[in-house]
Amino acid sequence: MVEKMATSVEIDSNSGFCFGVINAIKTAEEWLQREKTLFCLGDIVHNNEELQRLQRLGLRVISRDEFAKLHNVRVLIRAHGEPPETYEIAKSNNIEIIDATCKVVLNLQKTIRQCCDGERQILIFGKQGHAEVVGLIGQTKGNGIVVSSLDDIAKIDFSRPAYLFSQTTQNLEQYRELIAAISQCYQSAGNQHLFHYKDTICHSVVNRAKQIEQFASKYDMVIFVSGEKSSNGLYLFDICKKSNSNSFFISHLEQLSQLTINQGISIGICGATSTPMWLMEAVKQRLTMDIPFKINQNQQ
C-alpha cells in the first residue's frame, strides 16, 4: 500500500438530490428544528448515510404496521408517495400528515386514478414492492398490474383495454422496449386500438442519465456513490459503467480502501438522485488527503 494521490478529482455538478428529495429532506429538517422527534413512513431517502444523519437529528423511520398503531402524532410522507389507504388510516387515528410527496409522483397518481374505470387494465412498469409502485398500485384499489420485465407481459389480457404507465425513476430505454413489445402483442391480437401508454418517467432522471454518460466518459476512473437500495442509483450506475468500464459503486467512505487507484489518474465522482452532495464531497476529500490507497505498482 503506497501513499500516492490521483492528479485530479472532480465531482459531477449535476449529481445529487433531485428536487423531490430536496423538498422532502428540507421539510423534515424544518420540522426537526421545532420538534425533538418526527416520524417518517419508510426511509425518507434510499441512502443510509443521509438517513443516519437525519436520525441523529430526531427522525424516526417507521413501517406501515407501526404507522397503523400510532395515534395523535405527526408523520412525514416521503417523496415516493403513498396509497390512499395510508391517508384513511391517518384520518382514523388522528395522525397529522406532513405530505412531502414529489409533485411529479402526485400528478402520476392523479392520472392513474382518472384512468381507472373498472374495464381498463392499469399497467405499471416498475419494481415490485418499491415504495412509489406501492403508492401507484394503491390508486387502482389494488387492481393494477406491475410489469417489471418483458416476462410479465403474459399477465396482460390483450382482448381488454390497457393503459401503461411507468414508475418515475425507471430506465427509459427499457420502457420503450416494453411499449414496443406490448404494442406488438395487441397488434397480433387485432386490438392495437385498445393499448395506450404515457411517458411518466421524470425528465430530471432522463436528463441525469445523459449527463452521467457524458461525465463518466471524461475520466480514467469513476466512483459512483449511491445507496444500495436506490433503484435510480442502480439504473444510473449501469449507464455509468457502460460509458466507462473503470467505474466503481460505493455506498460509504470505508469502501474507498478496497479500491486500487493508479498513480496520476483523473477521477470523476458522481451519484444518484438520492445521493447527498455532502457525501460526494467527503469522498473527494478522502481521495485528496494523505490517506493510503492500494496503488497499482506498474504505475509507479
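In which sense, left-handed or right-handed, does H1 pass H2 in their crossing? The tour reaches that pair after a look at the whole chain. Keep in mind throughout that this is a predicted model.

**Whole protein**

Show the complete chain as a cartoon. The protein has ten helices and twelve strands. Colour the chain by burial: of the 300 residues, 51% are buried. Contacts can also be sorted by separation in sequence. Among those between residues at least 6 apart, 72% join residues at least 24 apart.

**First stop: H1 and H2**

Select residues 19-34 for helix H1 and residues 48-57 for helix H2. Their axes cross at roughly 20° and come within 10 Å. Angles under 35 degrees count as roughly parallel, and H1 is therefore roughly parallel to H2. As for the opening question, H1 passes H2 in a left-handed crossing.

Next, show side chains. On the H1 side, pick Ile 25, Glu 29 and Leu 32; these meet Glu 50, Arg 53, Leu 54 and Leu 57 of H2. Sorted by class, the residues of this contact are four nonpolar and three charged, with no polar ones.

**Second stop: Asn 93**

Is Asn 93 buried or exposed? Its relative accessibility is 10%. The cut-off for buried is under 20%, so Asn 93 counts as buried.

Then zoom in on Leu 70: its backbone oxygen lies 3.0 Å from a polar atom of the Asn 93 side chain.

Select residues 103-115 for helix H5 and residues 131-138 for helix H6. How far apart are their axes, and at what angle do the helices pack? The axes are 9 Å apart and the angle is about 30°. H5 and H6 are therefore roughly parallel to each other. Their crossing is right-handed.

Show the side chains of Val 105, Leu 108, Gln 109 and Ile 112 in H5, then highlight Glu 132, Gly 135 and Leu 136 in H6; these residues make the contact. By class, four are nonpolar, two polar and one charged.

Key:
Residues are numbered from 1 along each chain as its sequence is written. This is a predicted model: local features need pLDDT of at least 70, side-chain atom pairs count only at pLDDT 80 or more; totals for chains, interfaces and linings use all residues. Side-chain values use heavy atoms; hydrogens and water are left out. Axes are lines fitted to C-alpha atoms, for helices over the stretch in contact, and angles run from 0 to 180 degrees between N-to-C directions. Helices (H or I, at least four residues) and strands (E, at least two) are DSSP runs, numbered from the N terminus. Angles under 35 degrees count as roughly parallel, over 145 as roughly antiparallel, 65 to 115 as roughly perpendicular and the rest as oblique. A crossing is left-handed if the near helix is turned anticlockwise from the far one by less than a right angle, and right-handed if clockwise. Contact means heavy atoms within 4.5 Å. Ala, Val, Leu, Ile, Met, Phe, Trp, Tyr, Cys and Pro count as nonpolar, Asp, Glu, Lys and Arg as charged, and the others, Gly among them, as polar. Buried means under 20% relative accessible area, exposed over 50%, partly exposed in between (1.4 Å probe, protein chains only). A polar contact is a pair of N or O atoms within 3.5 Å; within protein, one must be able to donate a hydrogen and the other to accept it, and residues adjacent in sequence count only if both atoms are side-chain atoms.
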